[in-house]
Amino acid sequence: MQNVNEAPTYIHQFDKDEQIISTQDLSVFYGGSVQKLFNASLQFKKKTITALIGGSGSGKSTFLRCLNRMNDKVARVDGEIWYHGLDINKNNINVYQLRKNIGMVFQKPNPFPKSIRENITYALKANGENDKQKLDQIVEESLRAAALWDEVKDKLDKSALAMSGGQQQRLCIARALALKPEILLLDEPASALDPVSTSKLEDTLKQLRTDYTMIMVTHNMQQASRISDYTAFFHLGHVLEYDTTENIFTNPKGEITEDYIRGSFG
Ligand SMILES: Nc1ncnc2c1ncn2[C@@H]1O[C@H](COP(=O)(O)OP(=O)(O)OP(=O)(O)O)[C@@H](O)[C@H]1O
């Protein structure tokens, strides 16, 4: 196999007005000096789904977490992250506000131990929204957008913990959507779900693409090829290839990408 430092890279570029967020020479160091992400420069297109793929420990989650400053207390992050003309990797950014615009959904569903309704309204109330009619409206809109409304509309005041894992994950998406984000970061959102729930989640994500930009880490190659528009391949902390999903899966440019795709598509 080719050495990662000698491997050619291919990184797809978008026009400025197509981009919603981009990184420039993003590097991450754990424990002060152990570098695990190397100069990642990627642009993400508005209202698309991008899959981040690659072997275990290749830096996918490390990269994803930079995009809404989740690595702040964990690692040193060098480089730039451009969002609406601002470098959001600078210290003077309001991280709380940023995370409203760039929401995150984690691997394991993590609803609050509260009712379905309160899961959606919690952050809104904390932000000072107390108008019951408005809150009810956002609850319905968010649950509809996450394709959960029909399943839960009669039990909004029941505990979220009584829902299935798949429903809990769609509730976590609804909870993020209630804050009206532009971007959703998803870190292996279906890895704890059964095939039926996974398929529902994928349908939900495909529908959300009309209004939101999604960047998703996945180990599941079929999933990446089914729902993503673009795919970035990570290897040992380097992004070796970033292209349309079709090109990555049918005509990868690099030997390492090809070996990984061939080996993982089982
Ligand atoms: N908090 C941390 N402290 C120290 N090292 C870390 C930390 N988080 C991740 N790493 C290391 O950084 C490297 C990249 O990890 P990361 O979780 O980003 O990879 P990944 O591609 O998402 O892997 P996986 O698919 O297994 O989740 C790994 O070597 C990992 O051990």
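Predicted model: local features only at pLDDT ≥ 70, side-chain atom pairs only at ≥ 80, totals over all residues.
Q: OK, so how far is the polar side-chain atom of lysine 60 from an oxygen atom of the ligand?
A: That distance is 2.8 Å, so the pair falls within the 3.5 Å cut-off.

Q: And what about serine 61 and tyrosine 30?
A: Serine 61 has a side-chain N or O atom 2.9 Å from a ligand oxygen. For tyrosine 30, a polar side-chain atom sits 3.3 Å from a nitrogen atom of the ligand.

Q: How much of the ligand's accessible area does the protein cover?
A: 65% of the 630 Å² that the ligand has on its own.

Q: Switching topic: what's the span of α7?
A: Helix α7 runs over residues 195-208 and reaches 20 Å from first C-alpha to last, close to the 20 Å expected for its 14 residues.

Q: Which of its residues are buried?
A: In α7, those are Ser197, Thr198, Leu201, Glu202, Thr204, Leu205 and Leu208. They're on the same side of the helix because they cover an arc of only 160 degrees around the axis.

Q: And which exposed residues are on the face turned away from that side?
A: Pro195, Val196 and Gln207.

How values were computed
Residues numbered from 1 in each chain as written. Heavy atoms only, no water. Polar contact = N/O pair within 3.5 Å; in protein donor to acceptor, adjacent residues only side chain to side chain. Areas by Shrake-Rupley, 256 points an atom, 1.4 Å probe, with all protein chains shown as cover. Helix = DSSP H or I, 4+ residues; strand = E, 2+ residues; numbered from the N terminus. Expected span 1.5 Å × (residues − 1). Buried < 20%, exposed > 50% of the residue type's maximum accessible area, 1.4 Å probe, protein only. Arc of directions from axis to C-beta.
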